[in-house]
Amino acid sequence: MKGRTVCFAFLIAAAPHAIGDGPVDAERARLNYMLNCQGCHLPDGSGVEDAVPRMNGFVGNFLHVPGGREFLVRVPGSANAALDDASLAELLNWILVTMSPGELPPSWVPYSAGEVAELRSAPLREVEKVRAGLVRSIQQHL
Amino acid sequence: MNWLDKLSEKSTRGLAQQTSRRGWLAGIGTVLAGAASVPLLPMARASSGGQPKLEDVADTGDPLSCDYWRHCSIDGFLCGCCGGSHNTCPPGTEMSPITWVGTCRNPVDGKNYVISYNDCCGKTPCGQCFCNTNQGDRPMYRPDKNNDINWCLGTESTVYHCSTSVLIGLAVE
């Protein structure tokens, strides 16, 4: 199963135009990551213990549990980012494929600009509480 | 095909007699041990994470001056005047992993580069070379682009000492 996941991630990475509903530019996504995310999540997405959530080797787990897919767009870092919907969708897809390929479900569908627009219009208020619940679901799922 | 067999056998035996397997293993071992030690060398976290090689970026100006292009939005004491440099912390301080990130235009090649303003923390404020250049600085309600914040976050101490301007990437259009 793990092999299948890795193979799928490889295919996605090798076919960048398959991500989202617009063309994906990995350089642009990486620049947007540097300017909007890495100040807190760090260059490799490893986060800071007890302060900034780790994305590297983990964030893909959210796509396995109900509400997790929505959560990744509704968190303040995503919903409030100074990025348009297409750029945010591209950035989220890039983060998932680049930082957490081993955790992605084999059948995951990349975010589209339309989906991101709808989700970020309802930002989360109690982020930590929602996240704790999702992490519990992930632990039960694994 | 007999001649081919003999030729293969002769060359293989010759190779086996003239070369040392242990010597080969020792060589490979040296390379492996050397490669394993490279990631252990001390380095700032801000510059890690698979960024492109930026050492060769065309440069101009004095890193100890507020006008130096990489300090285009710095607010604080230049670490270069405090025993560190424009991208390293002085001894006895810790570089904050959490920072804010902006861009500055390099006057030599006209390109915009991504700059991470990592604060150095753990000693009282340095007090030397104060700069407040503020290009691209946003108000406090946009905290990820604000340089008035004490960015000593995620460090053992939250006491601010000085600021660095670490070049972390090229801002592609």
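View 1. Together with β2 they make up an open sheet of 3 strands in chain B, ordered β2-β5-β7, with antiparallel pairing. The edges of this sheet are taken by β2 (94–95) and β7 (160–163) of chain B, each of which has a single partner strand, so one side of each is left without a neighbour in the sheet.

**View 2. Strand β4 of chain B pairs with β3(B) and with β8(B).** Strand β3 (residues 100–105) of chain B pairs with β4(B) in the antiparallel sense over 6 bridges, and within this pairing Val101(B) is found opposite Ser116(B) of β4(B). The two strands form a hairpin with 6 residues between them, and in the turn Gly110(B) has a positive phi of about 75°. Strand β8 (residues 166–170) of chain B also runs antiparallel to β4(B), to which it is joined by 4 bridges, with Tyr113(B) opposite Leu170(B) of β8(B). Of the 6 residues in β4(B) (residues 112–117), 5 are buried, so this strand is largely enclosed by the rest of the structure.

**View 3. Asn32(A) is a buried residue of helix α2 in chain A.** Asn32(A) counts as buried because 20 C-beta neighbours lie inside 10 Å, a residue being called buried at 20 or more. When neighbours within four places in sequence are left aside, Asn32(A) is in contact with Leu83(A), Ser87(A) and Leu91(A). Pro76(A), by comparison, is 44 residues from Asn32(A) in sequence, and the C-alpha to C-alpha separation of the pair is 16 Å.

**View 4. Helices α6 and α7 of chain A pack at an angle of about 100°.** The axes of helix α6 (residues 85–99) and helix α7 (residues 113–120) of chain A are 8 Å apart, and the angle between them makes α6(A) roughly perpendicular to α7(A). On the α6(A) side the contact is made by Asp85(A), Ala86(A), Leu88(A) and Ala89(A), while α7(A) contributes Ala113(A), Val116(A) and Ala117(A). Sorted by class, the residues of this contact comprise 6 nonpolar, no polar and 1 charged.

**View 5. Chain A meets chain B through 15 residues of its own.** These residues of chain A are in contact with 17 residues of chain B. On the side of chain A that touches chain B, α2 (26–36) and α3 (38–41) of chain A each supply at least two residues, and α2(A) gives the most, with 6 residues. The class composition of that side of chain A is 9 nonpolar, 3 polar and 3 charged residues.

View 6. Chain A has an average pLDDT of 87, and 84% of the residues score at least 70. Where pLDDT is low, the predicted coordinates should not be read in detail.

Notes
Residues numbered from 1 in each chain as written. Chains lettered and ligands numbered in written order. Predicted model: local features only at pLDDT ≥ 70, side-chain atom pairs only at ≥ 80, totals over all residues. Contact = placed C-beta atoms within 7 Å. Nonpolar A, V, L, I, M, F, W, Y, C, P; charged D, E, K, R; others polar. Buried ≥ 20, exposed ≤ 12 C-beta atoms within 10 Å, placed from the backbone. Pairing = 2+ DSSP bridges. Axes fitted to C-alpha atoms, helices over the stretch in contact; angles between N-to-C directions. Parallel < 35°, antiparallel > 145°, perpendicular 65-115°, else oblique. pLDDT = per-residue confidence, 0-100.
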